[in-house]
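Please read these notes alongside the sequence and the 3D view. They are meant for someone new to this entry.

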Amino acid sequence: MEASNVPALRQPGAVTTKGHGPKSGEYLTFRLGSEEYGIDILKVQEIRSYEQPTRIANAPDFIKGVVNLRGVIVPIVDLRLKLNCATAEYNSFTVVIVLNVKNRVVGAVVDSVSDVLELSRDAIKPAPELSSATVDTSFITGIGSVADRMLILMDIEGLMSSAEMGLMEAAIAA
């Protein structure tokens, strides 16, 4: 079932990469609580309305379970729980961003999606350096500024394939 409150995705344009820092290009923006995040549009396969997944026994709280997406069993990760947001309320705006990460399909639950923004390299500042003992910023690639909005740009592939997620062991071992 497709989400009717989701903006149409544009065809991604060319993305310029230089080094390992933030790159210019198109980002899908979404909300987790009061914060706005952005991920590389090239990682997004589709956006779907939230449906209750089938729970997996002994899975961490942030792994909500699995859904059958046209014959593919897709693990669903609630990014609100994973990133320690204050609340994780399911409503009509809650959506699942279906991602293609390292040739694996994974769903990410977010509060809502906003739009697709083109960010130039000048609009992206480096992520702040914080003590790794208190804040894990390894998945943050930069901070995007658009008018009066600030976007936390995420390395969604790095986050979803991290060892603690436990989703990519086969891909990492290969």
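1. In this predicted model, an open sheet is built from 6 strands, arranged in the order 8-1-2-11-10-9 with mixed pairing. Its edges are held by strand 8 (112–119) and strand 9 (124–125); each has a single partner strand, so one side of each is left without a neighbour in the sheet.

2. Within this sheet, strand 10 (residues 140–146) runs antiparallel to strand 11 (residues 149–154), and the two share 6 bridges. One of the paired positions is V146, whose bridge partner in strand 11 is R149.

3. Another open sheet has 5 strands in the order 3-6-7-5-4, and here too the pairing is mixed. Strand 3 and strand 4 (63–69) are the edge strands, each pairing on one side only. On average, neighbouring strands of this sheet are turned by 30 degrees against each other, direction ignored.

4. Strand 4 pairs with strand 5 (residues 72–78) in the antiparallel sense, over 6 bridges. Among the positions involved, V67 has V74 in strand 5 as its bridge partner.

5. How many salt bridges does the structure hold? The count is 9. One of them joins the side chains of K43 and E157, at 3.6 Å from N to O. This pair links distant parts of the chain, 114 residues apart: K43 lies in the loop between strand 2 (35–40) and strand 3, while E157 belongs to helix 2 (residues 156–160). K43 is partly exposed, with a relative accessible area of 23%, and E157 also counts as partly exposed, at 22%.

6. Are the partners in the salt bridge between E46 and R48 buried or exposed? Both E46 and R48 are buried, and their closest N and O atoms are 3.4 Å apart.

7. D78 and R80 form a further salt bridge through their side chains, 3.0 Å from N to O. D78 has 0% relative accessibility and therefore counts as buried; R80 is likewise buried, at 0%. Elsewhere, salt bridges that share partners join R31, E36, D115 and R149 into one network.

8. A point on confidence. The mean pLDDT of the protein is 80, and 76% of its residues reach 70 or more. The pLDDT is below 50 over residues 1–20, a stretch with 40 contacts in the model beyond near neighbours in sequence. It is also below 50 over residues 170–174, where the stretch has 2 such contacts.

Methods: Residues are numbered from 1 along each chain as its sequence is written. Side-chain values use heavy atoms; hydrogens and water are left out. pLDDT is the predictor's confidence in each residue, from 0 to 100. Contact means heavy atoms within 4.5 Å. Two strands pair if DSSP finds at least two bridges between them. Helices (H or I, at least four residues) and strands (E, at least two) are DSSP runs, numbered from the N terminus. Axes are lines fitted to C-alpha atoms, for helices over the stretch in contact, and angles run from 0 to 180 degrees between N-to-C directions. A salt bridge is a side-chain nitrogen of Lys or Arg within 4 Å of a carboxyl oxygen of Asp or Glu. Buried means under 20% relative accessible area, exposed over 50%, partly exposed in between (1.4 Å probe, protein chains only).
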